[in-house]
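Student: Could we go through some terms used for protein structures? I would like to set each value against its definition.

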Amino acid sequence: MTSIQWADLPKELLEMIGKRLDSRVDTLRFRAVCTSWRSSVSLPSSDQEIPPLILNLPGPISYAPLFFQTTICRMDHVRKDPNSSSSSKSWLVKVGESNYGKLKLFNPLTNQEIKYSPIALNLLEFKFVELSKAFLLKSPHGFSVDGINKVVLFRVSANSSDENEFGILAIFHEVELAYWKYGAESWITLGGDENVQYDDITVCNERVYVVDRCGTVSWISPVLNVTQYYPSLYCFGGQKDLVECCGDLYVVDRYLDGERRRWVGIDGLMDSDDEILPNVGFTPTHAPKAIDFRVYKMDEDWGKWIEVKSLDDKVFVLGMDCSFSVSCKEFNGVKGNCIYYMDGDDYVGSGLSGGSIHVFQLEDRSIHKLAVIPEFSEIFWPPSNVSSV
């Protein structure tokens, strides 16, 4: 039997394979193989997974922001020589895409675009494994939208064929939970209790969860009911983050060295309809910094929260628009049992080199800037040691 070259596979078979590619990155890697493969699958459309990216949101946002979707990936270096004894390397990276199908790489914590690469990124030599999705609203000038802390995509119906049947769940002004359906003229406030202050929102096992300042975790049903899912933690940290790890939901409680800044209108006033006034912002104080972390996991058998003393080989990454977990075993030479995060006013820092990323190690409960512990930076692309690639 004569062997068939990969480039000579029937076009019908290539088209069938192309329809089963799960991500845009896989499509681009498929097209990079050869001319026949490239001609069999078209470039991924920028509107393939979400409707048009310019959103005409209602007030209190006074302009049409851009809705960005990026993908948190593990970028694996594929060895050309399968008999090589050297270990493969992997890095964490956030992947976006331009209108022309070209990849853009970002730091998964700072969202800073990575414009420098020590080597040429040949898609045949690097494999991108999707870990999580991240969503962010930005102004037309590229800045974060003031007053919106976190957004997630919320499909009205998974069975709907209408590409516009989706909405956005967002945390406003560090306290309020709201929903906007694509094309609607107003936001819908959820929760109903004005005393509840929401900290984080995430998707775990295809469910949307939120956590408030007291540590109460609730889930949001398809009909937008907010239902308390677990008993309240009643923990005393100043900021809560939700992280999915191995299918389980964790609460990370961040202890701060001061009070968090409050969102206010002019002179702290609102209008008679309790609408935020046009000129709004945070109180002019420095943002507090983290001094300790506590991690909690729900014991499903006993129905109570238990404090997690060690993450073992796991790493938690608390990003600005997405928090997630990875195993250090998937990243050669990377240390586990730690939390990567950004701190205080460093949210407006200059990325990896600006000292904006910090690391909390659960083993000795120490906190260091990433810049002073370079061995912990090897998890991020680009690598500091080019010879390791």
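**Values and definitions**

Tutor: Ser-139 touches Tyr-63, Leu-66 and Val-145, leaving aside neighbours within four places in sequence; contact means heavy atoms within 4.5 Å. This is a predicted model, where local features need pLDDT of at least 70, side-chain atom pairs count only at pLDDT 80 or more, and totals for chains, interfaces and linings use all residues. Residues are numbered from 1 along each chain as its sequence is written, and side-chain values use heavy atoms, with hydrogens and water left out.

Student: Why is Ser-139 called buried?

Tutor: Buried means under 20% relative accessible area, exposed over 50%, and partly exposed in between (1.4 Å probe, protein chains only). Ser-139 has a relative accessible area of 8%, so Ser-139 is buried.

Student: Where is Ser-139 placed?

Tutor: Ser-139 is in the loop between β4 (126-138) and β5 (148-155). Strands are DSSP runs (E, at least two residues) and helices are runs of H or I with at least four, numbered from the N terminus. The C-alpha atoms of Ser-139 and Phe-67 are separated by 9.1 Å, and these residues are 72 apart along the chain.

Student: What does Ile-17 count as, and why?

Tutor: Ile-17 has 32% relative accessibility and therefore counts as partly exposed. The place of Ile-17 is in helix α1 (residues 11-19).
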